[in-house]
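User: I would like to go through this structure with you, beginning with the ligand site and then turning to the backbone. Could you take my questions one at a time?

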Amino acid sequence: MAETIFSKIIRKEMPADIVYEDDRMLAFRDITPQAPTHILIIPKEEIATANDITPEHDELIGAMVRTAATIAEREGIAGDGYRLVINCNGHGGQAVHHLHLHLLGGRPMTWPPG
Ligand code: 5GP
């Protein structure tokens with residue numbers, strides 16, 4: 001896959017407000033927040049879209065969701081609730097083709113999404 005801006009953030013060549021990092025993933029605040037808390041959780045492995053997730057990634061994806069829940073707890077939004085979103089390709093509204101999980105919270109979310 002073509003490299004994205006997120007690869008530069010992983011390599012610390014681009015600044016980001018990083019809130020969590022381990023050997024497999026990174027989480028940082030979205031540069032254009034859509035909610036009081038808006039954090040992106042990304043795998044360090046370059047996976048372009050949700051369509052490119054394979055069974056080998058099952059443990060990684062589970063860990064990403066658990067990490068999002070841990071960050072939500074740390075951010076103080078777990079009790080009130082939050083939304084986890086993965087956008088995929090054009091109709092999904094995906095702008096950056098490096099898989100990422102949006103953690104959105106700090107205000108009530110509407111449903112259905114636009
Ligand atoms: P997508 O639309 O692909 O699901 O979400 C991409 C997200 O990445 C957007 O919410 C956008 O604001 C965020 N984003 C794009 N470029 C940067 C950047 O350079 N730094 C940070 N922190 N977020 C970015």
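**Ligand site and backbone**

Analyst: N89 lies in helix α3, which covers residues 89-92. Please note that this is a predicted model.

User: Now the ligand. Which residues come nearest to it?

Analyst: The ligand has 17 residues around it, and those that come nearest are D30, N87, A95, H100 and H102.

User: How far is the polar side-chain atom of D30 from the ligand oxygen?

Analyst: The distance from that D30 atom to an oxygen atom of the ligand is 2.5 Å.

User: What about N87 and A95?

Analyst: In the side chain of N87, an N or O atom is 2.8 Å from an oxygen atom of the ligand. For A95 the polar atom belongs to the backbone, and it is 2.7 Å from a ligand oxygen atom.

User: How much of the ligand does the protein bury?

Analyst: The protein buries 83% of the 520 Å² that the ligand exposes when taken alone.

User: Which pocket does the ligand take up?

Analyst: The ligand takes up the space of the largest pocket.

User: Which helix or strand gives the most to the shell?

Analyst: Helix α1 gives the most, with three residues. Both α1 (5-10) and β2 (25-29) supply at least two residues of the shell around the ligand.

User: How does the shell divide by class?

Analyst: Nine residues of the shell are nonpolar, six are polar and two are charged.

User: Back to the backbone. Where is there a cis peptide bond?

Analyst: The bond joining W111 and P112 is cis, with omega at about 5°. P112 is found in the segment that follows β5 (101-105).

User: I also noted K12. What is its phi, and where does K12 lie?

Analyst: K12 is not a glycine, yet its phi is positive, at about 65°. It lies in the loop between α1 and β1 (18-21).

User: Why does K12 count as partly exposed?

Analyst: The relative accessibility of K12 is 46%. Partly exposed covers the range between the 20% limit for buried and the 50% limit for exposed, so K12 counts as partly exposed.

Key:
Residues numbered from 1 in each chain as written. Predicted model: local features only at pLDDT ≥ 70, side-chain atom pairs only at ≥ 80, totals over all residues. Heavy atoms only, no water. Near = heavy atom within 4 Å. Polar contact = N/O pair within 3.5 Å; in protein donor to acceptor, adjacent residues only side chain to side chain. Areas by Shrake-Rupley, 256 points an atom, 1.4 Å probe, with all protein chains shown as cover. 1 Å grid on protein atoms, 1.4 Å probe; cavity = no way out; pocket = protein on both sides within 12 Å on 5 of 7 lines; lining within 4 Å. Sits in = over half its atoms within 2 Å of the grid points. Helix = DSSP H or I, 4+ residues; strand = E, 2+ residues; numbered from the N terminus. Nonpolar A, V, L, I, M, F, W, Y, C, P; charged D, E, K, R; others polar. Buried < 20%, exposed > 50% of the residue type's maximum accessible area, 1.4 Å probe, protein only.
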